[in-house]
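Please look through the sequence and the model below before reading on.

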Amino acid sequence: MPETAVLDPVADRDFRTFDQPWPAREDVRITGVRAIVTAPEGTPLVVVRVDTDTDGLYGLGCATFTQRWHAVVAFVEQHLAPLVVGRYPGDIGDLIRLARFSGYWREGPVGNNAISGLDMALWDIAGKRAGAPVHELLGGKVRAAADTYIHAGGAGVEDTLDQAEEFLARGWRHIRLQSGQAGIGTYGAPPIAGVPRAGAPYPRGWNVGEYLAAAPQLFARARERLGDGVELLHDVHSRLTPKEAVVLARSLEPYRLFFLEDVVAPEHWDRLPDVRAQSPVPLAVGELATSVSDAARLITSGGVDFIRSHISAVGGLTPAKKLAVLAEFFGVKTAWHAPGDTSPVGAAANVALDVTSAAFGIQEGHVYNDATHEVFPGTLRIVDGWLRPNEDPGWGIDIDEAAAARFPAGLSGHDEWAAGVRGLDGGLIAP
Ligand code: MG
């Protein structure tokens, strides 16, 4: 019987699975991966910077999970950097699969955002090496620009519509309307002043019955004041049961919504095909998807008209471009999530998908403040409601780290509202 050698699991290995598995096309190597956190609007933004050994060549990617940013930073610097330093940055697909599978258990939003930061930074590097914007690497434009929608939200109906009229005058054609209620109020709008239910255990609590009655009144008045020449949208923010969602959708039918967003919480997404079959208005869902597989199932299950993932939460540009292709073949449109808890780099990745995908539907727009433009030179600007991609190599967006340091991150306001929605009885409900 031959003698059996006892292998030392470390010393006797002549390769590591994350070493370069094939010859690199060019002699360029990743030398560092780190996270930069900055809050020029108060919301913590996380951006990953990937450096190389080639003079001046680096990339930026969005890893913004604003409620858990400390954890994302640790993931990037302690788990991702050791995997990819020394590797060729052009092997994006392999590096992203390596990052994903190295944890064995599939990632949630912390890991996916970290991997997204790496992924988008590698696409930025690829663009800079090719001397081309990322949208050309994706196959090139199929449209000149992405049409956007913007948020109008006031305490009262007339306040909301005053804002909407201002946005119409500034060129937008698509406007999301949110109007407040007493107490906690509707998502995306300040509450109406006063505490009208003093006898309730939680007097400021949210009242679903009041909401279901008020929402159609908002849109009836909107059509009176704004006319039929504007597209109107609304975000429920997951607060309804599947049956309540059907009641709301039917009540809004006369007002011809462009889409109705997040009618139920992700725990109830398996009911969406039923809800959609009974809904006379298009449904938009997906910002809370934390895996590309879950987002893909939203598309293939027949539960959505618009897929609106937060692309860093599903792992970055590489998985999101698969969703765009899937959407194209299932007759679903894209509406990528992009309010102020997406960095300008993430917003640029959204637009790269928007202008290259046949499945594009609409892009959520956010007007960044001046401080953000200072921290991130090249940040895209919405003009007359339209977003155009940069034509510089990569994303065409840089970061001024000295400026970023002047806006340190703290506890995000998002933490508070996400855990702050309670009913009149005091019980927490989905935000
Ligand atoms: Mg939303």
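Start at the surface, where Val325, Phe329 and Phe330 form a nonpolar patch with about 340 Å² of accessible area together. A patch is made of residues with over 30% relative accessible area and no salt bridge; like charges are joined within 9 Å, and nonpolar side chains (Val, Leu, Ile, Met, Phe, Trp, Tyr) within 5 Å. The accessible areas come from the Shrake-Rupley method with a 1.4 Å probe, and for residues only the protein chains shown count as cover. Phe329 belongs to helix 10, residues 317-330. Helices (H or I, at least four residues) and strands (E, at least two) are DSSP runs, numbered from the N terminus. Phe329 counts as exposed because its relative accessibility is 66%; exposed means over 50%, buried means under 20% and partly exposed is in between, with a 1.4 Å probe and protein chains only.

This is a predicted model, in which local features need pLDDT of at least 70 and side-chain atom pairs count only at pLDDT 80 or more, while totals for chains, interfaces and linings use all residues. Residues are numbered from 1 along each chain as its sequence is written, and side-chain values use heavy atoms, with hydrogens and water left out.

Helix 10 also packs against helix 3 (residues 109-130), at an angle of about 90° and with the axes 8 Å apart. This angle makes helix 3 roughly perpendicular to helix 10. Angles of 65 to 115 degrees count as roughly perpendicular, under 35 as roughly parallel, over 145 as roughly antiparallel and the rest as oblique. The axes are lines fitted to C-alpha atoms, for helices over the stretch in contact, and the angles run from 0 to 180 degrees between N-to-C directions. Where the two helices meet, helix 3 brings Asp119, Met120 and Trp123, and helix 10 brings Leu317, Thr318 and Lys321. Contact here means heavy atoms within 4.5 Å.

Next come the charged pairs. How many salt bridges are there? A salt bridge is a side-chain nitrogen of Lys or Arg within 4 Å of a carboxyl oxygen of Asp or Glu, and by this rule the count comes to 26. One of them joins the side chains of Asp91 and Arg87, at 3.6 Å from N to O. Asp91 counts as buried because its relative accessibility is 14%, and Arg87 is buried, with a relative accessible area of 2%.

Another salt bridge is formed by Arg225 and Glu165, with their closest N and O atoms 3.0 Å apart. This pair links distant parts of the chain, since Arg225 is in helix 6 (residues 208-226) and Glu165 in helix 5 (residues 157-169), 60 residues apart. Arg225 is partly exposed at 22% relative accessibility, and Glu165 is partly exposed with a relative accessible area of 34%.

Arg256 and Glu231 form a salt bridge too, and their closest N and O atoms are 3.6 Å apart. The pair again links distant parts of the chain: Arg256 is in the loop between helix 7 (242-251) and strand 7 (259-261), and Glu231 is in strand 6 (residues 231-235), 25 residues apart. Arg256 counts as partly exposed at 41% relative accessibility, as does Glu231 at 24%. Elsewhere, salt bridges that share partners join Glu158, Asp162, Glu165, Arg221, Glu224 and Arg225 into one network.

His337 lies in the loop between strand 10 (333-334) and helix 11 (344-356), and His337 is buried, with a relative accessible area of 8%. Not counting residues up to four places away in sequence, His337 touches Glu287, Arg308, Ser309, His310, Thr342, Asn350 and Glu364.

Gly188 is in the loop between strand 5 (174-179) and helix 6. Gly188 is partly exposed, with a relative accessible area of 36%. In sequence Gly188 and Asp235 are 47 residues apart, while in space they are 8.1 Å apart, C-alpha to C-alpha.

Finally, look at two backbone angles. Tyr104 has a positive phi of about 65° although it is not a glycine, and Tyr104 sits in the loop between helix 2 (92-101) and helix 3. Asp262, also not a glycine, has a positive phi of about 45°. Are these residues buried or exposed? Tyr104 counts as exposed because its relative accessibility is 59%, whereas Asp262 counts as buried at 2%.
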